[in-house]
Amino acid sequence: MNLENRLREALQNKGESLIPKPQLKTKVMIEISRTHEKGSRRMKKRLLVSVLIALLIIPTSAFAYQTFLADELYGSFENVKKHITTATMESFLLFNAKLSQAKGDLGKEKYDQFKEILSVITDAKLEYSNKYGNIDYDQVPQEEMLKIKMALMEIQPYFDKLNGQPSTYEVLTPEEYELYIESLITYEKIKAQSQADTNKGRITIEMIPEDLQDEFLKARDFMTYVNEKQQQQSVNINQ
């Protein structure tokens, strides 16, 4: 056996005893996804490196038996594609990585609560969103709309914590907090009604039909006001 084969065999044997972190698996899968989408020669080379790393240090059984956290909410990437046709494997894996981070930051009990609330929102995405993943809330049945709004009001403090921001629930008055959630709903609704491809970047006023612009600006301005209050609170805490 030559040196190359002995080295490969030694690394594979070592790999059988390792359990890779979910973040490593996600990074490898993202590299594969990017390569398929871009198809560049340089990226193909990076794909070979990524696959080689995976073969050497990640046992095949680890890929087979590790469950994506994102699968627990969306079923599978294929299921997401049935409803949100512009979804990419990269965005799905990034969502999975964020869930992994949330699980680590929140701890098991809080994460389980977070996931239960989040499932209301992901179910709504699968049921009502357009191909870009935005929901026109005017088209959602009233009873279901109330359920979604309640979930958004409950989950926002979790998002604030995961983003390292002061809790909007604590920064705002109760009236402001409800108006903030309604502004988030309005912002997404107008993105859906505008049929804008929001995967290409932030929506701008020029992309919005004229009759929706005033409502859009009102929602955006209030979201900016909330963001500024959070930043000021951060400054006060750090002083």
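This is a predicted model: local features need pLDDT of at least 70, side-chain atom pairs count only at pLDDT 80 or more; totals for chains, interfaces and linings use all residues.

Biologist: Is S76 buried, partly exposed or exposed?

Modeller: The relative accessibility of S76 is 22%. Buried requires a value under 20% and exposed a value over 50%. S76 therefore counts as partly exposed.

Biologist: Which residues does S76 touch, leaving aside those up to four places away in sequence?

Modeller: S76 and F92 are 16 residues apart along the chain, and their C-alpha atoms are separated by 9.3 Å. Contact is judged on heavy atoms within 4.5 Å. With residues up to four places away not counted, S76 touches D71 and F92.

Biologist: What percentage of the residues of the protein chain count as buried?

Modeller: The accessible surface of the protein chain comes to about 15000 Å², and 53% of this belongs to carbon and sulfur atoms. Among contacts with a separation of 6 or more, residues 24 or more positions apart account for 69%. Of the 239 residues, the part that counts as buried is 39%.

Biologist: Why does the length of α7 agree with that of a helix?

Modeller: α7 (89-106) has 18 residues, which at 1.5 Å a residue should span 26 Å. The expected span takes 1.5 Å times one less than the number of residues. The values agree because the end C-alpha atoms of α7 are 25 Å apart.

Biologist: Which residues of α7 are buried?

Modeller: A residue is buried when its relative accessible area is under 20%. In α7, this holds for E90, F92, L93, N96, L99, S100, A102 and L106.

Biologist: Which helix gives the most to the lining of the largest pocket?

Modeller: The largest pocket has a volume of about 2100 Å³. Its lining has 49 residues, and K98, K125, F159, E188 and K191 lie nearest its centre. α7, α8, α9, α11 and α12 each supply at least two residues of this lining. With 8 residues, the helix that gives the most is α7.

Biologist: How many residues of that lining are nonpolar, polar and charged?

Modeller: The lining of the largest pocket is made of 49 residues. They divide into 26 nonpolar, 16 polar and 7 charged.

Biologist: Against which helices do the buried residues of α12 pack?

Modeller: The 29 residues of α12 should span 42 Å, and its end C-alpha atoms are 42 Å apart, which agrees. Buried in α12 are L212, F216, A219, F222, M223, V226, Q230 and S234. The buried residues of α12 pack against α9, α10 (168-171) and α11.

Biologist: Do S194 and Q195 count as buried or partly exposed?

Modeller: S194 also lies in the loop between α11 and α12, and touches I203, M207, I208, P209 and L212, not counting residues up to four places away in sequence. The relative accessible area of S194 is 14%, whereas Q195 has a relative accessibility of 47%. S194 is therefore buried, and Q195 counts as partly exposed.

Biologist: Which residues does N130 touch, again not counting those up to four places away in sequence?

Modeller: N130 is found in the loop between α8 (108-128) and α9 (142-162). N130 is buried, because its relative accessible area is 13%. Between N130 and Q193 there are 63 residues of sequence separation and 9.3 Å in space, C-alpha to C-alpha. With residues up to four places away not counted, N130 touches H83, I84, A192 and Q195.

Terms used
Residues are numbered from 1 along each chain as its sequence is written. Side-chain values use heavy atoms; hydrogens and water are left out. Helices (H or I, at least four residues) and strands (E, at least two) are DSSP runs, numbered from the N terminus. Buried means under 20% relative accessible area, exposed over 50%, partly exposed in between (1.4 Å probe, protein chains only). Accessible areas come from the Shrake-Rupley method with a 1.4 Å probe; for residues, only the protein chains shown count as cover. On a 1 Å grid over the protein atoms alone, a cavity is a set of points where a 1.4 Å probe fits but cannot get out, and a pocket is an open set with protein on both sides within 12 Å along at least five of seven lines; lining residues have an atom within 4 Å of a point. Grid points are joined across faces, edges and corners, and a volume is the space filled by probe spheres set on the points. Ala, Val, Leu, Ile, Met, Phe, Trp, Tyr, Cys and Pro count as nonpolar, Asp, Glu, Lys and Arg as charged, and the others, Gly among them, as polar.
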